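Me: Please take a close look at one part of this protein, the charged pairs and the nonpolar core beside them. I would like one connected account.

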Amino acid sequence: VLYNAAGMASWDRPTLARAGMRVRIVSALWGAISPADVIPAYRLAMTTALPRIGSLGAFWRGVLSASLEAAADGGLVVDCRSASYAAVWRPTGLPWVTVRVEREVGGRRTVVSHMAKHTRGLLTAHLVAVEHVPRTAEDLAGAAAELVGATLIDVALAPRLGGHELTLVVGGA
């Protein structure tokens, strides 16, 4: 859902190269990968436990910190992971924003899961397309606000657990 919403299949070489520099995807099977990495299709959840390895979340928690922090290179981490993937690594000493998606219906907001993947994909595509990479949580909120009216009805930024939380609000029935 996220890949389709981001339009990754239609990215040209320059866009894919930018994404390869800016984006890391935490995979239950492969660890930290970039959109430029070619991998086979698979289905494996981070909550899966395998013989001799145990929980994939626990396995990757011990492995990914160094590579993800190196990939961040001191820059802003925009965290679009779901809860089971977010438990694998939490940025320390880096500017960090977790992205939350809510749906508003009749003035009432609720957390959504399927639509969250779609909305995070739209945000990813937007951030890959912009020339200037957001350096702060406020820059990210400003970039996300560019989607208001097109795909979002509201954007809110708040401090959270050593970082920030960016809430993207979608409308819907």
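Reply: Start with Glu 165, which counts as buried because its relative accessibility is 19% and buried means under 20%. The model is a predicted one. The partner of Glu 165 is Arg 160, and the closest N and O atoms of this salt bridge are 3.5 Å apart. Arg 160 has a relative accessibility of 30%, so Arg 160 counts as partly exposed. As a general point, side chains of opposite charge can pair when their charged atoms come close.

By the rule used here, the model has five salt bridges. Another one joins Arg 100 to Glu 102, with 2.9 Å between the closest N and O atoms. Here too the two residues fall into separate classes: Arg 100 is partly exposed at 30% relative accessibility, whereas Glu 102 is buried at 12%.

A further salt bridge is formed by Arg 109 and Asp 154, whose closest N and O atoms are 2.9 Å apart. This pair links distant parts of the chain, since Arg 109 lies in strand E7 (residues 108-111) and Asp 154 in strand E8 (residues 154-160), 45 residues apart. Arg 109 is partly exposed, with a relative accessible area of 38%. Asp 154 is also partly exposed, at 27% relative accessibility. Together with Glu 104, Arg 109 and Asp 154 are linked in a network of salt bridges.

Now to the nonpolar core. The largest one has 20 residues, and the members that touch the most others are Leu 123, Val 155, Leu 166 and Leu 168. At least two residues each come from strand E6 (96-105), helix H6 (114-129), helix H7 (137-145) and strand E9 (163-171). H7 gives the largest share, five residues.

Methods:
Residues are numbered from 1 along each chain as its sequence is written. This is a predicted model: local features need pLDDT of at least 70, side-chain atom pairs count only at pLDDT 80 or more; totals for chains, interfaces and linings use all residues. Side-chain values use heavy atoms; hydrogens and water are left out. A nonpolar core is a set of buried Ala, Val, Leu, Ile, Met, Phe, Trp, Tyr and Cys residues joined through side-chain atoms within 4.5 Å. Buried means under 20% relative accessible area, exposed over 50%, partly exposed in between (1.4 Å probe, protein chains only). Helices (H or I, at least four residues) and strands (E, at least two) are DSSP runs, numbered from the N terminus. A salt bridge is a side-chain nitrogen of Lys or Arg within 4 Å of a carboxyl oxygen of Asp or Glu.
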